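Me: I have a structure open and would like to learn how to read it. Could you take me through a few features, one at a time?

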Amino acid sequence: MAESKVLTMNRDEEEMFTPEEKEQMDPKPERPVFGQPFYENQESENVLAVAEFGGKFQIKNNIWTPIARKMWKLYKELQSCNPSTILFVSIDEGKKKFRGRPVVMEISVLSQQLSELFKQMSGFNFTHVIRIYKTNAESKTHEQLLVHLYRQMRQIQENGKLRDYDEKEFAEIQANLRRDWDADGAFIPNIIDAENWATVKQRKQQSLFDEAKAAE
């Protein structure tokens, strides 16, 4: 097993993850992705944060990096990103909303300054950060959270920039998941277990048929 790397931060450096951090972020950097070749498994699930990091933010690469890697291997449209260079941060009291709707996950591009800082502290190359707003995520099923993760990874282009926000969702989600896939209590397939969109669509159709039959 790879040795865990510890990421330490003082109180001033914690401010990188406050709302003001957006001033330090470059949403559309005119630069290539930092660090390694197109894909390198740097085992970033082993990055940890010590207690001094504080209670408001928690690094969750141990949970989400293996999941992101599995999804990356299954869905070719995600292969423009490197799941191993994504930093996953849980915001424990996060209740962020966008246009009146709770934000479950949100991706940003790390500035060169922050990327280099994380490299010095942890030994890992990070190019993007996905924030998980814990309070909003708690109401979602595991299957719904996988789709939220897919949406964030899908935004990363080969040059490291993010695609423009699209309210209509990505075509794969529109075509293969029910419209209310993110609603409370909605049953949707596990997109990792299904392994491809054709199976996801088949399972969606079967679930809708079962619901309609049960309602008769």
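Reply: Happy to; we will look at a strand, a pair of helices and some salt bridges. This is a predicted model, in which local features need pLDDT of at least 70, side-chain atom pairs count only at pLDDT 80 or more, and totals for chains, interfaces and linings use all residues. Residues are numbered from 1 along each chain as its sequence is written, and side-chain values use heavy atoms, leaving out hydrogens and water.

Me: Is strand β7 buried or exposed?

Reply: Buried means under 20% relative accessible area, exposed over 50%, and partly exposed in between, using a 1.4 Å probe and protein chains only. Strands (E, at least two residues) and helices (H or I, at least four) are DSSP runs, numbered from the N terminus. Five of the five residues of β7 (residues 105–109) are buried, so this strand is largely enclosed by the rest of the structure. Met105, Ile107 and Val109 point one way from β7, while Glu106 and Ser108 point the other way.

Me: Which strand is joined to β7?

Reply: Two strands pair if DSSP finds at least two bridges between them. Here, five bridges join β7 to β8 (residues 128–133), and the two run antiparallel. Met105 stands opposite Ile132 in β8.

Me: How do I read α2 against α5?

Reply: Two packed helices are described by the angle between their axes and the distance between the axes. Axes are lines fitted to C-alpha atoms, for helices over the stretch in contact, with angles from 0 to 180 degrees between N-to-C directions. The axes of α2 (residues 61–74) and α5 (residues 142–154) come within 11 Å and cross at roughly 70 degrees. That makes α2 roughly perpendicular to α5 (65 to 115 degrees; under 35 is roughly parallel, over 145 roughly antiparallel, the rest oblique).

Me: How many salt bridges are there?

Reply: A salt bridge is a side-chain nitrogen of Lys or Arg within 4 Å of a carboxyl oxygen of Asp or Glu. A search of the whole structure finds five. In one of them, Lys96 and Glu106 meet at 2.6 Å, N to O. This pair links distant parts of the chain, ten residues apart: Lys96 lies in the loop between β4 (86–91) and β5 (97–98), Glu106 in β7. Lys96 is partly exposed, at 23% relative accessible area.

Me: Where do Glu172 and Arg154 lie?

Reply: Glu172 is in helix α6 and Arg154 in helix α5, 18 residues apart. Their side chains meet in a salt bridge of 3.1 Å, N to O. Glu172 is buried at 16% relative accessible area, and Arg154 is buried at 14%.
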